[in-house]
Amino acid sequence: MTLFSKLLPLLGAIELKFSPKTLGESLLLLAKGMLGIFVVIGAIILIVYILNKVTKKKEQ
């Protein structure tokens, strides 16, 4: 029995409906998630940049 065959009954239980009333709330939640992802990626880039500057070998 594969993982997919175990998850298939669970996926059938999920009922997806489009509701225009909740579209604004959904888009706001999406925007917050995307902003969070970009903040974390920016922090990682900044930390790597600082570590490269601090640990850079000096040329002779």
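**Figure 1. Radius of gyration and overall dimensions of the chain.** The chain has a radius of gyration of 22 Å, whereas a compact globule of 60 residues would be near 10 Å. The radius is taken over C-alpha atoms, and the globule rule is 2.2 Å times the number of residues to the power 0.38. This is a predicted model: local features need pLDDT of at least 70, side-chain atom pairs count only at pLDDT 80 or more, and totals for chains, interfaces and linings use all residues. Residues are numbered from 1 along each chain as its sequence is written, and side-chain values use heavy atoms, with hydrogens and water left out. Along the principal axes, the C-alpha atoms fill a box of roughly 65 × 40 × 10 Å.

**Figure 2. Secondary structure and surface of the chain.** Two helices and zero strands make up the secondary structure. Helices (H or I, at least four residues) and strands (E, at least two) are DSSP runs, numbered from the N terminus. Of the 60 residues, 0% are buried. Buried means under 20% relative accessible area, exposed over 50%, and partly exposed in between (1.4 Å probe, protein chains only). The chain exposes about 6,300 Å². Carbon and sulfur atoms supply 72% of that area. Accessible areas come from the Shrake-Rupley method with a 1.4 Å probe; for residues, only the protein chains shown count as cover.

**Figure 3. The nonpolar surface patch and Met-34.** Phe-18, Leu-23, Leu-27, Leu-30, Met-34, Ile-37, Phe-38, Ile-41 and Ile-45 form a nonpolar patch of about 940 Å². Patch residues have over 30% relative accessible area and no salt bridge; like charges are joined within 9 Å, nonpolar side chains (Val, Leu, Ile, Met, Phe, Trp, Tyr) within 5 Å. A salt bridge is a side-chain nitrogen of Lys or Arg within 4 Å of a carboxyl oxygen of Asp or Glu. Met-34 sits in helix H2 (residues 23–54). Met-34 counts as partly exposed because its relative accessibility is 40%.

**Figure 4. Leu-29 in helix H2****.** Leu-29 has a relative accessible area of 62%, so it is exposed. Leu-29 and Lys-58 are 29 residues apart in sequence. Their C-alpha atoms are 47 Å apart in space.

**Figure 5. Gly-33 in helix H2****.** Gly-33 counts as partly exposed, because its relative accessibility is 35%. Lys-53 is 20 residues from Gly-33 along the chain. The two C-alpha atoms are separated by 31 Å.
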